[in-house]
Amino acid sequence: MITEKDVDHVALLARLEITSKEREMYTNQLNDILEYFQSLQRLDTENVQPTAYVLPLKNVYREDQVGDHLPLEEALANCPDREENYFKVPKIV
Amino acid sequence: MQLYQLTAHEMHDLLINKELSAEELNNKIFDRIEAVDDKIGAYITITKKSALERARVVDRQIQAGEKIAPLAGIPVALKDNICTKGVRTTAGSKILSNFIPPYSATVVEKLEAAGATVIGKTNMDEFAMGSSTENSAFFATKNPWDTQRVSGGSSGGAAAAVCAGAAVCALGSDSGGSIRQPASFCGVVGLKPTYGAVSRYGLISSASSLDQIGPFARDVTDCALLLGAISGHDPNDSTSASYKTPDFTASLINNVRGLKIGVPEEYMAEGLEPEVRAAVEKAMSLFESLGADVEYTTLPHTEYVLATHHIIGSAEASSNLARYDGVRYGFRAFEAGDVIDMFMKTRGQGFGPEVKRRIMLGTYALSAGYYDVYYLKAMKVRTLIKQDFERAFEKYDLLLSPTSPTPAFRFGKKIDDPLQMYLSDIFTSSSNLAGIPSISLSCGFVGRLPVGLQLIGKYFDEGTILRAAYTFEQNTDYHKEFPEV
């Protein structure tokens, strides 16, 4: 069972502010969904390899050459707050 | 017959015979959008000016006697999670409501190189999470066949636009059925290609091992043309496969003689609406009468598909969506205190309920102590599900099933019960887990609501899917039906 305290912890890990109403709703819904997920535990997967990607691709490299890059102004064009050529954020330390 | 009801290949004939200019054609589609989109709500953004400019370029080529590509001048809509340089791309989310991409997705560049005109960006469930577009931060897209009902999702706007004649064809994305299920609900053709066959560069990521871009069209021929235009290796997408794009139009053969088609019995079991079953059984009989061998088979791990898909999808999404922090692009909550508070308020206010639910679920499934129980377990079950298909494809060329267990449902019916909503992808999400291609096309009606038939193929064997779908279409009239909007 997931408690409201667990939901608060996960919300902090995920950097999501939730309201008390959301906390209650997510606690109920996540419990329902996780109970549904329990069905997988019936399967014996002791000797089964996990599949992360379906294609047999490994270590895809590109040539170590300088390519085109986003010009500074375009890279900064969408940012909500900037100062000179920097993304501006609230004080960290 | 109205001009907006024609297929792309029929419009191409009009263009090269100079019976119509590309500019006139595009204007006709914009007129249609103006006439119906208030009722449907397929579009978030319309790009009329740039589309008409592109159309005039095509017209000059035609006037100069140049040979034009099959999609030249054809109005195409894009799901709003496919980046378009200089054109707002929202992914259906408040957090990206003012995002203007500095580059275009590879598929957009390929379409534009083929001369197609991008006419607008279509509505979707936020970050492609949902099956009805009710999770869009902006509005829900109505089904052109019955505006009391959903268009399906997450690519519901793209499907509804093609269905209503408000686009000739479109591109969507499919991570669990997001092309095929809305195609089924709207009675159009929708194809999810093999994982890696189409570049995902410039597609706003939801679940990276499941996401795939694919076409919506009014018939199988247009679907093949679009697929041919967008597929192929892309160095900008390290998960794109190195393979030579076949000529998909060569697969448009009206012949299924000798084709071995398996019907997974688990996909015809309980929960399937009787009229949907009847329509699919009729399709099975038709394939048989046309010389295919059709028999029931089994995919034994089917009952684990939804849970597996949802764990993997949520885990990948929670990781992908970590980038929306209000720093480099998108919405920021400015009333925050320190930087952590700013992240939390930005994300708390910027994301809608289903996205938050999946981020929470994914974060939980990846967190210390639960990784093995949920995420690793799901990746192992994914192997078993994939092996089910590999075993089936030793015997069959294709698998056949309904696309969704019901036709389009009413607004509000499933939105408060996440598990019920996930169930509408029960037959489609297995193809994303296995990475194999699947198509949905119309195979009947329940009243005036379309029913979708799903054909599932082997890796990189879109050709056989298109051949069977084309044959089905040539021997039925369902695709000729048009809704009254």
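Visitor: Why is B:A128 called buried?
Guide: A residue is buried if 20 or more other C-beta atoms lie within 10 Å of its own, exposed if 12 or fewer, and partly exposed in between; C-beta atoms are placed from the backbone. B:A128 has 31 other C-beta atoms within 10 Å, so B:A128 is buried. This is a predicted model: local features need pLDDT of at least 70, side-chain atom pairs count only at pLDDT 80 or more, and totals for chains, interfaces and linings use all residues. Residues are numbered from 1 along each chain as its sequence is written, while chains are lettered from A and ligands numbered from 1 in the order in which they are written.

Visitor: Where does B:A128 lie?
Guide: In the loop between β3 and β4 of chain B. Helices (H or I, at least four residues) and strands (E, at least two) are DSSP runs, numbered from the N terminus. The phi of B:A128 is near 65 degrees, a positive value in a residue other than glycine.

Visitor: What makes B:F127 count as buried?
Guide: B:F127 has 31 C-beta neighbours inside 10 Å, so it counts as buried. B:F127 sits in the loop between β3 (117–122) and β4 (142–143) of chain B. It is not a glycine, yet its phi is positive, about 50 degrees.

Visitor: Which peptide bond is cis, with omega near 10 degrees?
Guide: The one from B:G153 to B:S154. B:S154 belongs to the loop between β5 (146–150) and α5 (156–164) of chain B.

Visitor: How do you know that B:Y267 is buried or exposed?
Guide: Count its neighbours. B:Y267 has 23 other C-beta atoms within 10 Å, so it is buried. Its place is in the loop between β9 (260–264) and α8 (274–289) of chain B.

Visitor: With which residues is B:Y267 in contact, leaving aside its neighbours within four places in sequence?
Guide: Two residues are in contact if their C-beta atoms, placed from the backbone, lie within 7 Å. For B:Y267 that gives B:S401, B:P402 and B:F427.

Visitor: What is the largest nonpolar core?
Guide: A nonpolar core is a set of buried Ala, Val, Leu, Ile, Met, Phe, Trp, Tyr and Cys residues joined through C-beta atoms within 7 Å. The largest has 163 residues. B:V76 and B:V162 are among those with the most contacts inside it. Domain 1 (3–255 + 476–480) and domain 2 (303–379) of chain B both give residues to this core, so it lies between them. These bounds come from an automatic or database domain assignment.

Visitor: How far apart are the C-alpha centres of the two domains of chain B?
Guide: Domain 1 and domain 2 of chain B have C-alpha centres 28 Å apart. Their contact takes 20 residues from domain 1 of chain B and 17 residues from domain 2 of chain B.

Visitor: Why is chain A called more spread out than a compact globule?
Guide: The radius of gyration is taken over C-alpha atoms, and the globule rule is 2.2 Å times the number of residues to the power 0.38. For 93 residues the rule gives 12 Å; chain A has 22 Å, well over that, so it is more spread out than a compact globule. Buried residues make up 14% of chain A. Its elements run α-α-α-β-β from the N terminus on.

Visitor: How many residues does the contact between chain A and chain B take?
Guide: It takes 42 residues from chain A and 53 residues from chain B. On the side of chain A that touches chain B, α2(A) gives the most, with seven residues.
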